[in-house]
Amino acid sequence: MTVLTTPAEPARECCPPLVREPLSASQAADLAHVLKALADSTRLRLVSMVAAHEDGEACVCELTDPLGLSQPTISHHLKILVDAGIFTRSQRGKWAYYAIVPQALDTLAGILTTS
């Protein structure tokens, strides 16, 4: 079994690869939460930008101009990604920094694999 974590919840079993066994209702709800967070073009761009950023971490201040969106809008999208367990958030002075949770995308890849 793979594990899905979010900052608000302890680690829990998530989902085996979809081709191995059917998802339970709980597993489907957990997976849907993460997939919904990624099912937005702005959030996909944020994941790509943070992952490609030096050290795999970026300040919210570095993400607003490239996306052409306001800081509150970017922060809203980042909160959704944090709540889904895709990003971590750390506060440094007045700025928030975001980083990819290393196993988050690997877990999704493992669930969606056909092998």
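## Helix 1

Helix 1 covers residues 25–38, 14 residues in this predicted model. At 1.5 Å a residue it should span 20 Å, and its end C-alpha atoms are 20 Å apart, which agrees. The expected span is 1.5 Å times one less than the number of residues. Helices (H or I, at least four residues) and strands (E, at least two) are DSSP runs, numbered from the N terminus.

Gln 27, Asp 30, Leu 31, Val 34, Ala 37 and Leu 38 of helix 1 are buried. Seen down the helix axis, these buried residues fall within an arc of 120°, so they line one face. The arc uses directions from the helix axis to the C-beta atoms. Ala 25 and Lys 36 are exposed, on the face turned away from the buried side. Buried means under 20% relative accessible area, exposed over 50%, partly exposed in between (1.4 Å probe, protein chains only).

An open sheet holds 3 strands in the order 3-5-4, with antiparallel pairing. Strand 3 (57–59) and strand 4 (87–92) stand at the edges, each with a single partner strand, so one side of each lacks a neighbour in the sheet. Strands pair if DSSP finds at least two bridges between them.

Strand 4 and strand 5 (residues 95–100) are joined by 6 bridges. Phe 87 has Ile 100 in strand 5 as its bridge partner.

## Basis

Residues are numbered from 1 along each chain as its sequence is written, and side-chain values use heavy atoms, leaving out hydrogens and water. In this predicted model, local features need pLDDT of at least 70 and side-chain atom pairs count only at pLDDT 80 or more, while totals for chains, interfaces and linings use all residues.
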